[in-house]
Amino acid sequence: MANPSSSSTLPRPRLSSFGWKGYILLLFLVSYVQITFFIFMSRLSTNCITQREQAMDFPLWNTHHQQQTSTRRKQKTIKPLFEPSNPPTNITLVGISYSDNTLSDAAIQFLLEAACSHHIKSYILLGERDKKQSLNKMVTALSHHWYLPLPSADLSTVPHPECTKLIHIDQSPRQTELLNMTLTSIANNVGEELAVLLKTSSNSVIPNNPLDPENRIARIKRAREYQRQALGVSLGSYNSLDESVIALVDLDMFSYPSLQEVITTAQQYIPSGRNYATNNDAKYHAVCANGLQVSRSKVSRPKRAYYDTFSTILLPNAWLHQEADRVIPRGELEGENATMAKMNQRQILDWILAEGRRRDGQIDEQQSFDPVLVRSCFNGLTLYRADFWFHPSCRYDMYYESDANYRSKGEQQTCEHIVFHECLRREVHKNDGFRIAVQPDLLTLWHLIN
């Protein structure tokens, strides 16, 4: 007969061979899968909403986003070594910057792609140099990283990317030399008396004074003119430049159009001098990008708007700069359309898109916008027929009294691009005028968010 005490004691359940550690691992894997799935669905939903909102917000999004996405994909699979994807073009990139480390990453990439993928030369003028973080070092490092294959056993087979030689980096002379350059020019072209008066006067006495030694815009004017004069000597005579295009570019922006878009715009709208008389209405001496900013308020999602109002004048004479910084109020310039001048930056963008959009029967697969003719613009990237950019009678640092009508309150200076374009309008008036336009879908971005 069994012992009652032993029969009441049941055997303890034993863990299976899987073990308690196995149960913990299984629980971890299930949690990981759930979290991963949640993150994936959240990102998918966000991307769908963002693309739908952007498509509704900006008519150019669908086509331009596809172009930019395609460009970024190509950049990740750039061909090694120096093999230009296009034959050498007649475009030359030109820009100035304060120092080596004030160029944006996007600008450096733009210059390198121009040199290494399209054989385009660039000339960069820096106000100051930073030996520890020089632009030359950055260009060399990035060109090796992007345009060379990974090293093999035989390192001698990996050549240096020769395309970096197409990027020319120089330092601006001291301000005293630049001031003397401008003083000499004014004395020779306007007169000694005015030159002395400008030299001894401040902006408060003579507005838009290019000889102001401290004013930021006056210093930019002198630097741009020094570079223009130096390149005029390097690139050839005025009469031999009508086959070339100068692309004047700001080097601190966050986004640039693709190089292929720049090349196509130049080829389509800026013909050589000898072909300019053909279909004149579709040809231009200069074409500006459409410079944008992205701004947002506390109650609205980010929206695009036109940025570079300081350099932009619509025809016949509507300066788009903000009212708070204008010396002459909106609508009070000679011949100024007050309604157009009072447009805000969002409305300006809408107007440019509406004016440039091709009508039914004119739309093709590659181009849905035509340039919008204006009086002046820049927008961070402007393509000039080279013989007009090197026009011997016009300068960025020149003094012309009526230019001061477009000066800002804060700087008491007129944008250097307006000074230059107003001169070109006066000089080529007998030849149907200086034709400059904004290309609506040639996009630059000035700020990530504002």
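Here is a friendly conversation about a predicted model of a protein.

Reader: Let me start with the overall picture: how many helices and strands does the secondary structure of the protein come to?

Author: Welcome! Keep in mind as we go that this is a predicted model. The protein has 450 residues, and 46% of them count as buried. Its secondary structure comes to 13 helices and eleven strands.

Reader: What share of the contacts with a separation of 6 or more comes from residues 24 or more positions apart?

Author: A contact here means heavy atoms within 4.5 Å. Among contacts in the protein with a separation of 6 or more, residues 24 or more positions apart account for 77%.

Reader: Now the disulfides: how many does a search of the whole structure find, and what is the pairing in sequence order?

Author: A disulfide is a covalent bond between the sulfur atoms of two cysteines. A search of the whole structure finds three of them. With the bonded cysteines numbered in sequence order, the pairing is 1-2, 3-4, 5-6.

Reader: How many residues apart in sequence are the parts tied together by Cys-116 and Cys-163?

Author: These two cysteines are joined by a disulfide, S to S 1.9 Å. Cys-116 lies in helix H4, while Cys-163 is in the loop between helix H5 and strand E3. Cys-116 is buried at a relative accessible area of 2%, and Cys-163 is buried at 1%. The pair therefore ties together parts whose separation in sequence is 47 residues.

Reader: Is the disulfide of Cys-288 and Cys-377 right-handed or left-handed?

Author: Cys-288 and Cys-377 are joined with an S to S distance of 2.1 Å, and both cysteines are buried. The torsion about their S-S bond is about 85°, so this disulfide is right-handed.

Reader: What about Cys-394 and Cys-423: right-handed or left-handed?

Author: This disulfide has an S to S distance of 2.1 Å. Cys-394 sits in the loop between helix H12 and helix H13, and Cys-423 in helix H13, 29 residues apart. The torsion about the S-S bond is about -85°, so the disulfide is left-handed.

Reader: Turning to charged side chains, which residue meets Glu-416 in a salt bridge?

Author: A search of the whole structure finds 15 salt bridges. Glu-416 lies in helix H13 and its partner in helix H8, so the pair ties together parts that are 192 residues apart in sequence. Both partners are buried. With N to O at 2.9 Å, the residue that meets Glu-416 is Arg-224.

Reader: Why are Glu-422 and Arg-425 separated by about one helical turn?

Author: Their side chains meet in a salt bridge, N to O 3.8 Å. Glu-422 is buried at 8% relative accessibility, whereas Arg-425 is partly exposed at 28%. They are separated by about one helical turn because, within helix H13, their spacing is three residues.

Reader: Finally, how much accessible area does the nonpolar patch with Val-33 have together?

Author: Val-33 lies in helix H2 and is exposed, with a relative accessible area of 53%. On the surface, Val-33 forms a nonpolar patch with Leu-25, Phe-28, Leu-29 and Tyr-32. Together, their accessible area is about 550 Å².

Key: Residues numbered from 1 in each chain as written. Predicted model: local features only at pLDDT ≥ 70, side-chain atom pairs only at ≥ 80, totals over all residues. Heavy atoms only, no water. Disulfide = S-S within 2.5 Å. Helix = DSSP H or I, 4+ residues; strand = E, 2+ residues; numbered from the N terminus. Buried < 20%, exposed > 50% of the residue type's maximum accessible area, 1.4 Å probe, protein only. Patch = residues over 30% accessible without salt bridge, like charges linked within 9 Å, V, L, I, M, F, W, Y side chains within 5 Å. Areas by Shrake-Rupley, 256 points an atom, 1.4 Å probe, with all protein chains shown as cover. Salt bridge = Lys/Arg side-chain N within 4 Å of Asp/Glu carboxyl O.
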